[in-house]
Amino acid sequence: MEKWYWMAVVVLMGLTVRWTVSLHSYSGAGKPPLFGDYEAQRHWQEVTFNLPVRQWYFNSSDNNLQYWGLDYPPLTAYHSLLCAYVAEHINPAWVALHTSRGHESPAHKLFMRATVFIADLMIYIPAVVLYCCCLKEISTKKKAASALCILLYPGLILIDHGHFQHTYNSVSLGLALWGVLGVSCDWDLLGSMAFCLALNYKQMELYHSVPFFCFLLGKCFQKGLRGKGLGLLVQLACTVAASFTLCWLPFLTEREQSLQVLRRLFPVDRGLFEDKVANVWCSFSVFVKMKDLLPRDTQILISFCVTFLSLLPTCIKLTLRPSPRGFRFTLVSCALSFFLFSFQVHEKSILLVALPVCLVLHEIPFMSAWFLLVSTFSLLPLLLRDGLLLPSAATVAAFCTACGAFFPAWGAASEEALQLGAFVAAARKRKFLPRWSLPFLPRVVRCLFLASVTIMVLLTLMTVTLDPPRKLPDLFSVLVCFVSCLNFLFFLVYFNIIIMWDSKNGRNRKKIN
Amino acid sequence: MAALGTVKGSGSWFSSLALGVTLLKCLLIPTYHSTDFEVHRNWLAITHSLPLSQWYYEATSEWTLDYPPFFAWFEYVLSHVAKYFDQEMLNVHNLNYFNSRTLLFQRFSVIFTDVLFVYAVHECCKCVDGRKASKELTEKPKFILSVLLLWNFGLLIVDHIHFQYNGFLSGLMLLSIARLFQKRHMEGAFFFAVLLHFKHIYVYVAPAYGIYLLRSYCFTASKPDGSVRWNSFSFIRLISLGLIVFLVSALSLGPFLALNQLPQVFSRLFPFKRGLCHAYWAPNFWALYNAVDKVLSIIGPRGFLRCLILCALSSFMFGWHVHEKAILLAILPMSLLSVEKAGDASIFLILTTTGHYSLFPLLFTTPELPIKILLMLLFTIYSISSLMMLFRKEKPLFNWMETFYLLGLAPLEVCCEFVFPFTSWRLKYPFIPLLMTSVYCAVGVTYAWFRLYVSMLTGPPVGKTKKQ
């Protein structure tokens with residue numbers, strides 16, 4: 001009885017914060033001719049409702065791909081179609097072909113916000129609640145506390161309910177979370193199906209695909225490739241194939257259809273990065289203009305290689321020693337590798353890294369909370385452009401209050417809580433770090449935290465109050481990206497250390513959590 | 001293994017709760033606001049741009065100053081901060097002046113003045129009996145009381161959405177109650193006198209104060225069986241109380257007395273043409289009668305509190321066109337009683353749930369619909385579950401009839417807000433949802449009043465067995 005009422009309170013709190021944030025401004029509000037992501041979603045509803053499926057991804061007189069053309073997989077399109085049916089029922093002017101372009105009204109805003117809210121309520125929030133309920137070896141109140149902190153993560157709330165991204169992150173992340181749940185609880189087929197749906201909703205879920213693949217492969221190996229393992233492998237392959245076929249069914253009739261969709265999903269000719277993003281390549285370009293120096297194909301090749309090299313160690317370890325705990329951490333490190341080194345990364349893709357970090361919040365609260373704050377900070381230029389300063393400040397403060405209340409701060413920055421125990425022991429044995437430095441590691445981490453937070457606060461204040469110098473109009477955005485990138489690189493190293501020197505999921509422990 | 005900050009120390013949970021609700025209030029800034037927003041903007045303008053002699057005569061706007069002088073001074077102080085946000089809002093002729101800076105200033109002024117309410121809640125928590133407390137933080141009466149007061153649904157939606165300044169006024173009232181609990185009677189009387197000159201609606205509960213102070217402070221001792229010892233009357237104490245009330249009133253009404261404007265001030269405060277005279281004095285008398293009936297056995301601050309709540313509820317009940325927001329006058333003090341006795345918890349839950357539901361018609365706009373439903377559910381679920389948990393060792397809080405009644409609020413809400421607007425009756429009989437809400441809630445509030453009255457008549461004389 002106790003558990004359900006705490007969870008109910010937590011869910012209601014999360015929902016309240018989401019709806020109050022959605023009362024604020026959205027992207028591109030009142031900014032013709034292109035408006036913003038909000039208009040993109042409205043336009044997709046218009047296109048999917050009025051045009052036949054065959055024309056959705058093609059350029060035509062009715063469907064101008066330059067004006068927010070559909071560039072996400074079919075499931076997004078089906079979702080937009082569903083929303084369009086409801087919209088048409090309420091007010092046909094909202095999705096009328098051509099004439100509804102740039103339509104803005106309070107009633108329409110309410111409708112759009114409601115679609116995000118309902119999607120969140122039906123997919124993401126149940127997944128979070130179920131995930132926290134399934135956590136082992138912690139008390140009911142701590143489960144509720146974890147759920148609250150995850151639901152209060154500012155980044156997702158501000159992007160989905162504030163900025164209004166045209167693809168609902170809560171749907172793709174929620175489906176991915178269902179996948180994680182299924183696979184961790186040994187419901188491999190359901191989990192992989194959920195993840196395939198996530199992938200077919202948003203192609204950026206590929207960031208999470210490698211750990212899923214390695215974990216499931218590792219499970220098959222564990223069961224023995226001669227017997228059950230092979231059976232599982234075949235079943236998984238069939239499930240994946242079936243899910244993809246089901247989603248792409250209308251587009252599999254002609255080869256040209258599928259190719260066009262793929263071309264829209266992976267715009268290879270757009271280049272290494274667009275706009276300012278807390279990516280290694282973007283930060284690098286401050287010193288060395290890589291985009292101009294190297295030809296496009298080389299850029300893609302380099303980014304490909306670096307990405308895969310950086311995630312190789314953790315994925316190999318996951319394949320050889322699959323465990324739900326290792327899986328969660330590998331999700332973090334892989335997603336972070338992709339974010340930092342991949343091509344055409346958008347700043348909002350940091351949410352794909354933030355979700356796995358939320359999942360390990362209860363294990364390393366200090367570092368996870370720090371990461372989540374940095375991830376929200378990296379979105380600052382975007383949020384300021386949309387006039388979301390007040391909700392950002394309020395939600396970040398609420399998140400800090402919640403984490404501070406439930407996970408005592410400095411106590412969580414000890415060597416044991418940071419889970420550096422195994423690493424320190426190995427460093428002591430193998431002597432790759434000077435002996436005298438080892439006890440100072442937690443203190444170093446704490447100092448870095450203080451420095452990071454100070455710089456973030458200062459940069460925020462500067463961006464909000466000052467105007468950038470005329471010669472460098474993007475100064476503050478670039479600084480934000482640069483600082484965030486440095487923080488992310490540090491986290492990449494930290495999470496890789498945790499995974500590689502993790503002894504908890506080895507043969508020593510009988511229980512797998 | 002307690003999840004909530006035992007490591008960081010005892011005060012931190014209170015700060016987290018207070019900070020959390022403050023952040024929620026910040027998020028509510030862009031929500032719908034009622035005409036009260038313009039009322040207060042107008043009062044800022046009046047007090048800032050006009051001399052004192054004009055304050056109660058100014059009638060450019062229909063929202064004339066009809067609160068006592070202390071509130072006018074409060075608006076005056078606020079106006080000096082307002083001029084840094086937007087000078088134009090302080091112009092008396094800028095009727096319905098509105099922009100984002102004005103909104104920010106007004107909303108932040110409510111949020112900021114709530115700090116008095118937070119302090120008052122902190123003081124009230126000290127007065128709550130913690131004998132039965134378990135080691136688990138969330139099951140302590142202090143914790144539950146803090147949440148019930150700080151996160152009170154009614155205060156949140158009336159103050160931070162509809163727009164009013166009930167937060168700091170309720171804070172003053174709770175502070176005076178806390179002082180009386182702490183046996184600092186002079187301070188309690190002082191705070192209440194000040195409160196009266198901020199908002200005169202609190203005069204409804206003045207009889208409770210008067211009788212309690214007379215009984216427990218002026219009569220310095222009582223006989224062993226609890227009744228009054230007539231020869232222990234202390235004139236000095238009576239005079240000092242009178243002096244406090246007199247000095248406060250002099251500070252408030254003095255300037256207007258000097259300007260010969262008292263009749264005008266009173267005509268603004270008690271607008272006879274509104275027909276308030278009848279309903280204003282009748283519940284007062286009735287409440288007085290209720291209280292006097294039991295005057296000799298009201299012992300101890302808890303008896304006083306019960307009497308205060310009865311006065312407030314009676315005034316709400318019998319002055320029927322008293323605004324529904326007045327239910328907060330009864331709900332907030334009742335929270336203090338609810339964490340100590342199971343019977344009071346039961347009455348509190350019925351009163352609170354129906355009282356809060358009766359506030360729903362205040363927010364009739366669609367964007368605010370999810371907010372009011374979510375916050376109502378949040379508060380109701382928390383209050384019922386936590387009080388049931390606190391009193392789980394005693395008999396259940398509700399019988400089947402009460403449970404049924406409370407559950408009936410859900411279908412009522414669905415009918416009024418979701419079904420009715422799509423029926424044909426919407427045009428012919430638009431008042432039906434309001435009528436249904438009022439009638440349904442009236443049943444609950446009357447029932448709570450009745451049970452409270454009965455508990456006061458039949459309960460043992462409080463105060464003798466309880467130690468503060």
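Tutor: In this predicted model, about 2900 Å² of area is buried between chain B and chain A, and carbon and sulfur atoms give 82% of that area.

Student: What makes this a buried area between chain B and chain A?

Tutor: The term stands for the accessible area that two parts lose on being put together, summed over both, so the value of about 2900 Å² counts what chain B and chain A lose together. In terms of residues, 34 of chain B are in contact with 32 of chain A.

Student: How do you know that A:Lys141 forms a salt bridge with B:Glu136?

Tutor: The cut-off is a side-chain nitrogen of Lys or Arg within 4 Å of a carboxyl oxygen of Asp or Glu. The closest N and O atoms of A:Lys141 and B:Glu136 are 3.7 Å apart, which is within 4 Å, and therefore the pair is called a salt bridge.

Student: Why is the pairing of A:Arg325 and A:Glu363 called a salt bridge?

Tutor: Their side chains meet at 2.3 Å, N to O, and this value lies within the 4 Å limit, so the name applies. Because A:Arg325 lies in helix α15 of chain A and A:Glu363 in the loop between α16 and α17 of chain A, the pair ties together parts that are 38 residues apart in sequence.

Student: Why are α14(A) and α22(A) called roughly parallel?

Tutor: The axes of helix α14 (residues 296-320) and helix α22 (residues 475-500) of chain A come within 10 Å and cross at roughly 25 degrees. Angles under 35 degrees count as roughly parallel, and therefore these two helices carry that description. The contact is made by A:Ser310, A:Pro313, A:Thr314 and A:Lys317 of α14(A) together with A:Asn496, A:Ile499 and A:Met500 of α22(A); by class, these are 3 nonpolar, 3 polar and 1 charged residues.

Student: What makes α15(B) and α16(B) parallel or antiparallel?

Tutor: Helix α15 (residues 342-358) and helix α16 (residues 369-390) of chain B pack at about 175 degrees, with their axes 11 Å apart. Since an angle over 145 degrees counts as roughly antiparallel, that is the conclusion here. Among the residues that meet are B:Phe348, B:Leu349 and B:Tyr357 in α15(B), and B:Phe379 and B:Leu387 in α16(B). By class, this contact has 8 nonpolar, 5 polar and no charged residues.

Notes: Residues are numbered from 1 along each chain as its sequence is written. Chains are lettered from A and ligands numbered from 1 in the order in which they are written. This is a predicted model: local features need pLDDT of at least 70, side-chain atom pairs count only at pLDDT 80 or more; totals for chains, interfaces and linings use all residues. Side-chain values use heavy atoms; hydrogens and water are left out. Axes are lines fitted to C-alpha atoms, for helices over the stretch in contact, and angles run from 0 to 180 degrees between N-to-C directions. Helices (H or I, at least four residues) and strands (E, at least two) are DSSP runs, numbered from the N terminus. Angles under 35 degrees count as roughly parallel, over 145 as roughly antiparallel, 65 to 115 as roughly perpendicular and the rest as oblique. Contact means heavy atoms within 4.5 Å. Ala, Val, Leu, Ile, Met, Phe, Trp, Tyr, Cys and Pro count as nonpolar, Asp, Glu, Lys and Arg as charged, and the others, Gly among them, as polar. Buried area is the accessible area (1.4 Å probe) that two parts lose on being put together, summed over both.
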